[in-house]
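Visitor: I would like to go through the labels used for this model and hear what stands behind each one.
Guide: Then let us take them in turn.

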Amino acid sequence: MFFEENTGPGTGAALLYSFFQLYRVCQGSGALFEQGLGFAGYRTVVEPRLQAGSVDSTLSRFSCFARLHWRAMPMPSSPLKAVRGTRDLLPPETALWSRVESVARGVFGRYGFGEIRTPIFEATELFARGVGEETDIVSKEMYTWEDRARAQSEKAQSLTLRPENTAGVVRAYIEHKLGERGDLQKLFYIGPQFRRERPQRGRFRQFWQIGVEVLGPVSSGAESPVRDAEVLEMLATLLDELGVKGWRLELNSVGSTEDRKRYNIALREALAPVKDRMCEDNQRRAETNPLRVLDSKEPADQEIIDALPKIAD
């Protein structure tokens, strides 16, 4: 048996008491025990040997031979901290998070939504296809690594920590043939997402999202505007039940598929003569995905962005 605990200086009494407990539990077994004590940068290993035949209920007749081994332990060059762009959630903040999640589950349940939990990492190609290879998320902001094959029959696979949850939900919907049921699938998720963004106030590399997805064949009413209205009403209910005051709902639209095609052409034409005056990222976006230029927060480019055609035009 092996027992190890981290303690501070002045633990002799506690150590003696723990030996006494071991003696009472394993009376006369003749077994070898180790207890490691780490404190002040050192490690002490004590090996009491219980002698068979010396069983007694009092510590005075407890016979053992102890060897103390002192070994310097390397200390870290700097204090260990959470990785930049991440944070620890501690009480009482965790209680607040738990309340938000509990209220969300209650509200979503009343609207007929069920919780789905997908893995936090997926095949990289899922996000490349689902989110878009030319988006900033896929091109710059994903935590991706190669999962090496563990057997000759296996192939190495590129895996990615999920930067958002929609792609994983749709993958699960297809994989488990939920669409073949013919009914509406109303799903919600709560969990961490990961993006290699530049850490700044209010933006983290690991962050949490609460989201909903409504999926199903056309016959189920999945594409009806009623679904959008239901989700908006559900969001309003959630905010009210959480006690959020003074919130305002702003609606936007990127139009139909045909509208977006025409708008992309208009944006590309408007950006062509001015893109060289923009930052490197926006120059790339102007060629690969002009709509993404509108999301830019680059201060020097805002005047150009404000002058671009609007989709409502």
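**Labels and their cut-offs**

Guide: Arg171, at 21% relative accessibility, counts as partly exposed; buried means under 20% relative accessible area, exposed over 50%, and partly exposed in between, with a 1.4 Å probe and protein chains only. This is a predicted model, in which local features need pLDDT of at least 70 and side-chain atom pairs count only at pLDDT 80 or more, while totals for chains, interfaces and linings use all residues. Residues are numbered from 1 along each chain as its sequence is written, and side-chain values use heavy atoms, with hydrogens and water left out.

Visitor: What makes Arg171 and Glu122 a salt bridge?
Guide: A salt bridge is a side-chain nitrogen of Lys or Arg within 4 Å of a carboxyl oxygen of Asp or Glu. The closest N and O atoms of Arg171 and Glu122 are 2.7 Å apart, and the pair forms a salt bridge. Arg171 lies in helix α5 (residues 166-175) and Glu122 in strand β6 (residues 121-123), so the pair ties together parts that are 49 residues apart in sequence. Helices (H or I, at least four residues) and strands (E, at least two) are DSSP runs, numbered from the N terminus.

Visitor: Why is Glu122 called buried?
Guide: Glu122 has 8% relative accessibility and therefore counts as buried.

Visitor: How many salt bridges does the structure hold?
Guide: The structure holds 14 salt bridges. Another pair is Asp295 and Arg292, whose side chains meet at 3.0 Å, N to O. Asp295 is partly exposed because its relative accessible area is 40%, and Arg292 is partly exposed with 25%.

Visitor: How do you know that the length of helix α7 agrees with its residue count?
Guide: The expected span of a helix is 1.5 Å times one less than its number of residues. For the 15 residues of α7 (residues 257-271) that gives 21 Å, and the end C-alpha atoms are 21 Å apart, which agrees.

Visitor: Which residues of α7 are buried?
Guide: Tyr263, Asn264, Leu267 and Leu271 are the buried residues of α7. Seen down the helix axis, they fall within an arc of 110°, so they line one face of α7; the arc is that of the directions from the helix axis to the C-beta atoms. These buried residues pack against α8 (280-288). Arg262 and Glu269 are exposed on the other side of α7.

Visitor: Why is Arg262 called exposed, and what does its side chain meet?
Guide: Arg262 has 53% relative accessibility, so it counts as exposed. Its side chain meets that of Asp259 in a salt bridge (2.6 Å, N to O). Asp259 and Arg262 are three residues apart in helix α7, and are therefore separated by about one helical turn. Asp259 counts as partly exposed, at 29% relative accessibility.

Visitor: Why is Glu230 called buried?
Guide: Glu230 is at 16% relative accessibility, so it counts as buried. Glu230 is placed in helix α6. Leaving aside neighbours within four places in sequence, Glu230 is in contact with Tyr111, Phe113 and Lys186; contact means heavy atoms within 4.5 Å.

Visitor: Where does Leu232 lie?
Guide: Leu232 lies in helix α6 (residues 225-241). Leu232 is partly exposed because its relative accessible area is 33%.
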